[in-house]
Amino acid sequence: MNIAILTTSEQWFVSYAKELQSKIEGSKLFFEHNEVNESFDIVFILSYHKIIEKEYLEKNRHNIVIHASALPQGKGWAPLFWQILEGKNDIVFSMFEASNGVDNGDIYMKKNLILNGTELHKELREKQAILTIEMCLEFLENYEKYKTPTKQIGNETFYKKRTAKDSELDINKTIKEQFDLLRIADNENYPAFFYKDDKKYILKIEETNNENR
């Protein structure tokens, strides 16, 4: 089969997209959908942040997206992180056919990501990427089983886009109460922060096994 991978350049998933490409012989990697100037049997659209026009989707047999929620619940932005803030450690990932709507395409498969509740941002991204790659490879290896998707069933819910403001801590709450917010904070791009006496303070978190550090 003729296979392509589409992701956003200079984003967290790029290295994983290259890893997936290396595992799929003959596949091509793109960073802009308007650069996909040929038809493919499958285009894996992974961590891509632009709207893709219908004319591009119609060129391919399958345009496959993986979303970290049990669709139709949890449509929208950053579903993995929003669910962690809800206290969930069992996260459903949905593989579906891209469409012009918001995460409303037909479902190919669903898989669960089980977290232990201690992962920080980098490890969360890594586990998300590993499962994403596994799902893509499983789809290819068992194409006859998965090639016919099913309609989404149930009531839909939506998550809003997360911004830097969403990393704000409440100094009147304990670290334990806000640990999940610290877990998902990106130390480099969206670090946790708090205000005290009209001053803003940034708080970064990392795991260490060295008690003397």
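This passage walks through the fold of a single predicted chain, from its overall build to a few local details.

The model is predicted, so local features were kept at pLDDT of at least 70 and side-chain atom pairs at pLDDT 80 or more, while totals for chains, interfaces and linings use all residues. Residues are numbered from 1 along each chain as its sequence is written, and side-chain values use heavy atoms, with hydrogens and water left out.

Overall, the chain comes to 6 helices and 10 strands; these are DSSP runs numbered from the N terminus, with helices being H or I of at least four residues and strands E of at least two. The radius of gyration is 19 Å, close to the 17 Å from the globule rule for 213 residues, so the chain is as compact as a globular protein of that length. Here the radius is taken over C-alpha atoms, and the rule is 2.2 Å times the number of residues to the power 0.38. Along its principal axes, the C-alpha trace spans about 60 × 40 × 30 Å.

H67 has S94 of β6 as its bridge partner.

Contact means heavy atoms within 4.5 Å, and angles run from 0 to 180 degrees between N-to-C directions, with axes being lines fitted to C-alpha atoms, for helices over the stretch in contact.

The helices also pack on each other: α1 (residues 14-23) and α4 (residues 121-141) make an angle of about 25°, with axes 10 Å apart. The pair is therefore roughly parallel (angles under 35 degrees count as roughly parallel, over 145 as roughly antiparallel, 65 to 115 as roughly perpendicular and the rest as oblique). The crossing is right-handed, meaning that the near helix is turned clockwise from the far one by less than a right angle. On the α1 side, the contact uses Y16, E19, L20 and K23, and on the α4 side E126, A129, I133, C136 and L137. Sorted by type, these contact residues give 6 nonpolar, no polar and 3 charged. Ala, Val, Leu, Ile, Met, Phe, Trp, Tyr, Cys and Pro count as nonpolar, Asp, Glu, Lys and Arg as charged, and the others, Gly among them, as polar.

Further along, β9 (residues 192-196) and β10 run antiparallel, joined by 5 bridges. Y195 stands opposite K200 in β10. Their hairpin has 2 residues between the strands, and D197 takes a positive phi near 50° there. I205 sits in the segment after β10 (199-203). Leaving aside residues up to four places away in sequence, I205 touches L120, F179, L182 and N187.

Most residues other than glycine have a negative phi, and most peptide bonds are trans. E10, in the loop between β1 and α1, has a positive phi near 60°. The peptide bond from L71 to P72 is cis, with omega near 15°, and P72 lies in the loop between β4 and β5 (75-76).

Terms used. Pairing = 2+ DSSP bridges.
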